[in-house]
Amino acid sequence: MDEAIRGKYTLVIGLEVHAQLMTATKIFNSDTNAYGSLPNTNISPITLGHPGTLPILNRKAVEHAIRMGLACNSKISRENIFDRKNYFYPDLPKGYQITQDRTPICIGGEVIIKSKDAAQERAVKLNRIHMEEDAGKSIHLDGSTDTLVDFNRAGVPLIEIVTDPDLRSADEAYAFLTEVRKIVRYLGVCDGNMEEGSMRCDANISIMLKGAKEYGKKVEVKNMNSIRNVHRAIEHETERQINELEKGNEILSETRTFDAGDGTTAGMRTKETLNDYRYFPDPDLSPIVVSEEWLDSLKESMPALPRELYLKFQQQYGLPEYDAQVLTDTKEMALYFDGLCQKTAYHKAASNWMMGPVKSFLNDKALVDIPITTGSLAELIELVETEKVSFSAASKKILPELMEQRDKSALQLAEKLNLIQDSDSDSVAPIVEEVIAAMPEKVAAFRKGKKGLLRMFVGEVMKRSRGKANPKLVNELLQKKLG
Amino acid sequence: MEKYSSLEVIRTGLKQGEITCLSLVNHYLDNIEKKSHLNVFLEVYAEEARQRAEVIDAKLADGSAGRLAGMIVGIKDVLCLKDHGLQGGSRILDGFSSQFTGTAVQKLLDEDAIIIGRQNCDEFAMGSSNENSAFGPVLNDIDNERVPGGSSGGSAVAVQADMCLISLGSDTGGSVRQPAAFCGIIGLKPTYSRISRHGLIAYGSSFDVIGVFSKTIEDNALVLEIIAGADDFDSTVSQKDVPAYSAELSIGTQKKYKIAYLKETLHTEGLDSEIKERTLATLKKLKDDGHEVEEVSFPLLDYVLPTYYILTTAEASSNLSRYDGVKYGYRSENAEDLASMYKKTRTEGFGKEVQRRIMLGTFVLSASYYDAYYNKAQKVRRMIRDATKSLLQKHDFILLPTTPTAAFKIGEHSSHPLEMYLADLFTVQSSVAGTPAISIPNGNSREGLPIGLQIMADDFKEAELFAFSKYLLN
Amino acid sequence: MKIDKDTLEKMAHLGRLEFDESSADAMIEDMNEIVTWVEKLKEVDTEGVMPLTTMSYEINVFREDVPKPHLSHERALKNAPKKDEDYFRVPKVLD
């Protein structure tokens, strides 16, 4: 699209993220909450909405919701209730969804992001976070007049995180979702898996002329099952809406579905216009009152958050922003690194190790947890930093050994594998002399200007020392001798 | 006195070997058979009841029987019993079999009561005459041309006509008390949340209470004692301890009470003059016996019924959405697609009165009218509750007639929904306020029709209600 | 507030009920009678009164996050009007 045309408009995006909570049971009854079970095996009369059944709230779900609110700096609502959202659909067993309309458990809040190419961080404003129950799954069969319904998912606890219409680009949306996914994983509240559907996102997209006072008509887009697809959908929808307006047409406020195949959005052909959900307080549930004590104990039990560690790594360990970003990508890596920095003062070196050899190892073996104690790794890092072992030897030979045998000492391994470098000038200098004496023509050529030959000399010395000489020392001595 | 008028009489008979649980069950089964024209039971668990009776006779012999051994109970068609049919008096639950037993019923079974069958009622408990059942009306045993009251009409007649000793019904706006009055027996509506609602088909969730029909106060108190109390399956049930109601029945004998009656109830236009007389007579007697009897005003009385209808229809419209032909019950055969499946199933499966209330409830909850009707009614409800409780804190009880008329003729009101609603005038107040109330027999009209007296007390004061009722009945 | 044909249709759709010509008229009449009657509530001054949203005295009624036995697959599908080995079946949505 022509930049000049695109530049006329401001894009306004609001996101609604549904995150399935990692609890053992559903939100309103004791059925197992598990992904991938055989159809209709995790259900009870309560899930199916049998006559005479009543909901009972899962305490863990409430705690997860509050923790998410604390992590996003939301205001925790001290008294809140549930409402019924009434509509008919086969996968909604009671004919209503229990949700929080009037009194979300968390009000407001923010998520700080730095989107691609952005110069600065930004706080994306949240409108609310509330609890609700998930619906079952409808499977539409081709070639059949039937739809199949599986109620395993009906009643799984959800939190819905709603932003203000505060995002301004697909990149921002991408960064926001990435950060939210990080937060829920750090908190142990949700596994953030969009492909499996444990985290889902709907986008409300509108455009307006730059400087306009009123938002344009918003279009809801659904069915984007990855963060990348959210990005694609927003990009496509933005263009579509701009094209419509440029043609002089009006934007129809509707719900559109994203097609991952060709990256487009299409209007959903249902004749449901604005559904009237007739929200009213659910009389079957008692109010939730969040006391000071409860809130304090939840605050105390909060794990470290991505942003906290991101800032700590920069401020306390003096690392650059890039490192802090990479190191806080997963909770496992971030916590490990924090622990590592308690064991060694070589923070930058430690960071390089984590981002380099350790990350590669984990990727190769598809691991999440680091199979080497922080003590061992710290020891190894110290060996390299004090020049007892070369980085190359340490990362290529010692590290894999340590990964297989967690409790071996790095020093012992280095000795066993004969990798301790010789950094003693007394023992290295004679070898340097030897090499210089043995290659007079090359020396002459070096002195005449062929500086590249230095590497060759270093290699010779390394060979004659069977790899044990400290290359840095060798370099130094050679430079001194060769002049 | 009838042969099996109370558990005490039965227990004596059992101990002396005059009767056994089995002979008792057979006696009731006989009566059910003889009076089948009353259309009380939708299903009779004859074989099952006989088998259980034999088991309990053995337990009585070895001394291991529960506190309700010898008590035969009927349950209204809104109470879940595992692996038994449940329909709520409606076609929309055709073929449905409960997959669990509700808490109150389970508690009865745990004490060795025997459930003899499932009783006819107004569809989804919506009605005041048992003429709204999909399975035909229930007839009043005293006069077969008259209604027994509703919605728990079957449950009331079962006790009235000696088909069981106790019935469990449900009371949302008077559905236990009003039929008790029309049938000349005792009907209790406990405090809202006194008994777990797990296993009770929901109609108006913030009004529904399981209620108890009996011939004697003692039996009513014992049953309440057994079925009340905290429960893991109901988030609204009260955690308060359950008093030993059956042991506290004499507490009031020496006491002098402070009794109020609402001026507006005795000056109601539709109030039958005989009922007014009988009520005034009772009040006079109480005064003569040294109790304080005071006339108080309740200006909100006119607003109690409208409040009730707005809120219960709203809740019901939502509670009944689950009857959609998807997971259980009736599904229309005339449906080509999902949309028509829903509409035809529900239109064919629900009766007229239920459809009316769903429509009304949907209306009062809909976006444009929510504030004017639903929200407004919730505010008025608070005012009614506060005013009622305030009276009940200054007085021990409020006395009033249970119904404005005695049992009316079948068909008399069924074509005018509003007329039918007005029959609930006196019972809805304690439903709106959540407070307990009991209806006890207060003589008969000159035509021989029973008249009921209603006593209201403050929350969780069932013990006081029982004691005072016993005092009045003696 | 008078209920008209349009309102009736909207409410009927929300409640998934359908009426033919004559039953629609009867329903409109009934509803109007009842609505007029409940409008009485307008007479009550509710200034400053909070709506009563729960009749229960209990707060914070929770369940611990421990799975309990639920329905066997057979029992779960038992009452289904139409089903197969694994699923509940309903007619499709037709556009």
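This is a predicted model: local features need pLDDT of at least 70, side-chain atom pairs count only at pLDDT 80 or more; totals for chains, interfaces and linings use all residues.
Good morning, colleagues. I shall begin with chain B as a whole. Its secondary structure comes to 16 helices and eleven strands. Along the principal axes, the C-alpha trace of chain B spans about 65 × 55 × 45 Å. How does the radius of gyration of chain B agree with that of a compact globule? For 474 residues such a globule would have a value near 23 Å, and chain B has 21 Å, which agrees. Of those 474 residues, 65% count as buried. The contacts tell us about the fold as well: among those in chain B between residues at least 6 apart in sequence, 75% join residues at least 24 apart.

Let me turn to the interface. Here 34 residues of chain B are in contact with 26 residues of chain A. Which helices of chain B each supply at least two residues to the side that touches chain A? They are helix 10 (301-319), helix 11 (338-349) and helix 12 (352-365). Helix 10 of chain B gives the most, with three residues. By class, the side of chain B that touches chain A has 14 nonpolar, 13 polar and seven charged residues.

A cis peptide bond joins B:Gly150 and B:Ser151, with omega about 10°. B:Ser151 has its place in the loop between strand 3 (114-119) and helix 5 (153-160) of chain B. The second detail is B:Asp112, a residue other than glycine whose phi is positive, near 75°. B:Asp112 lies in the loop between helix 4 (103-110) and strand 3 of chain B. This aspartate counts as buried because 20 other C-beta atoms lie within 10 Å, and the cut-off for that class is 20 or more.

I now move to chain A. The domain assignment gives domain 1 (3-292), domain 2 (304-416) and domain 3 (425-482). How far apart are the centres of domain 1 and domain 3 of chain A? Taken over C-alpha atoms, they are separated by 66 Å.

The sheet I wish to show is in chain A: an open one of three strands, in the order 6-5-17, with antiparallel pairing. Strand 6 (96-99) and strand 17 (280-281) stand at the edges; each has a single partner strand, so one side of each is left without a neighbour in the sheet. Strand 5 (residues 83-86) of chain A is joined to strand 6 by four bridges. In that pairing A:Arg84 stands opposite A:Ile98, and A:Lys85 has A:Gln97 as its bridge partner. Strand 5 also pairs with strand 17 of chain A, over two bridges in the antiparallel sense. There the bridge partner of A:Asp83 is A:Pro281.

Which way do the residues of strand 5 of chain A point? In general, the side chains of a regular strand alternate between the two faces of the sheet. In strand 5 of chain A, A:Asp83 and A:Lys85 point one way, A:Arg84 and A:Asn86 the other way, and all are buried.

Two further residues of chain A complete the tour. A:Arg278 has a positive phi of about 45° although it is not a glycine. A:Arg278 lies in the loop between strand 16 (264-267) and strand 17 of chain A. With 26 other C-beta atoms within 10 Å, A:Arg278 is buried. A:Lys348, by contrast, is partly exposed, with 13 other C-beta atoms within 10 Å. A:Lys348 lies in helix 9 (residues 347-365) of chain A. From C-alpha to C-alpha, A:Lys348 and A:Asp323 are 8.8 Å apart in space, while 25 residues apart in sequence.

That brings my presentation to its end. Thank you for your attention.

Technical notes
Residues are numbered from 1 along each chain as its sequence is written. Chains are lettered from A and ligands numbered from 1 in the order in which they are written. Two residues are in contact if their C-beta atoms, placed from the backbone, lie within 7 Å. Ala, Val, Leu, Ile, Met, Phe, Trp, Tyr, Cys and Pro count as nonpolar, Asp, Glu, Lys and Arg as charged, and the others, Gly among them, as polar. A residue is buried if 20 or more other C-beta atoms lie within 10 Å of its own, exposed if 12 or fewer, and partly exposed in between; C-beta atoms are placed from the backbone. The radius of gyration is taken over C-alpha atoms; the globule rule is 2.2 Å times the number of residues to the power 0.38. Domain bounds come from an automatic or database domain assignment. Two strands pair if DSSP finds at least two bridges between them.
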